[in-house]
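Visitor: I would like a close look at a single part of this protein, please. Could you walk me through the nonpolar core and what surrounds it?

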Amino acid sequence: NSDGVSVETININDFCNENNIKEIDLLHVDVEGAEFEVIKGLKEYRPKVIFVETLDIIDNVENKSWVDGGADSLEMERYLFSIGYVIGKIMSADRLYYHSSVLEE
């Protein structure tokens, strides 16, 4: 509804540390506009593969994100490139990224 709902969250980095998870093979992110916030929450973790919704790139809208003040998908993509990811496949409103370490195997 228009009032919204408060939900307690934890970033992926903290969740993995608290649960003794050493690495992430696949991360699927579809969180209605907060995708970049999730990606930034990885901190030192580098999933081998990231599958993420990138609807605002496809829609070509001026709206930066569904989340007020959020970054658009192009900014998220630049960040992913800067931490070692490459685009594996573009699928309509979704993108598949591979970490460069996977390509070296």
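**A look into the core**

Guide: Let us start with L80: leaving aside neighbours within four places in sequence, L80 is in contact (heavy atoms within 4.5 Å) with I39, I50, Y85 and Y97. This is a predicted model, in which local features need pLDDT of at least 70 and side-chain atom pairs count only at pLDDT 80 or more, while totals for chains, interfaces and linings use all residues. Residues are numbered from 1 along each chain as its sequence is written, and side-chain values use heavy atoms, leaving out hydrogens and water.

L80 belongs to the largest nonpolar core, which has 16 residues; I24, L27, I39, L42, I50 and L80 have the most contacts inside it. Such a core is a set of buried Ala, Val, Leu, Ile, Met, Phe, Trp, Tyr and Cys residues joined through side-chain atoms within 4.5 Å. Buried means under 20% relative accessible area, exposed over 50%, and partly exposed in between (1.4 Å probe, protein chains only). Two or more core residues come from each of helix 1 (12-18), strand 1 (26-29), helix 2 (35-40), strand 2 (49-53) and helix 4 (73-82). Helices (H or I, at least four residues) and strands (E, at least two) are DSSP runs, numbered from the N terminus.

Stepping back, the protein has five helices and four strands, in the order α-β-α-β-α-α-β-β-α along the sequence. Buried residues make up 34% of its 105 residues. Among contacts between residues at least 6 apart in sequence, 49% join residues at least 24 apart.
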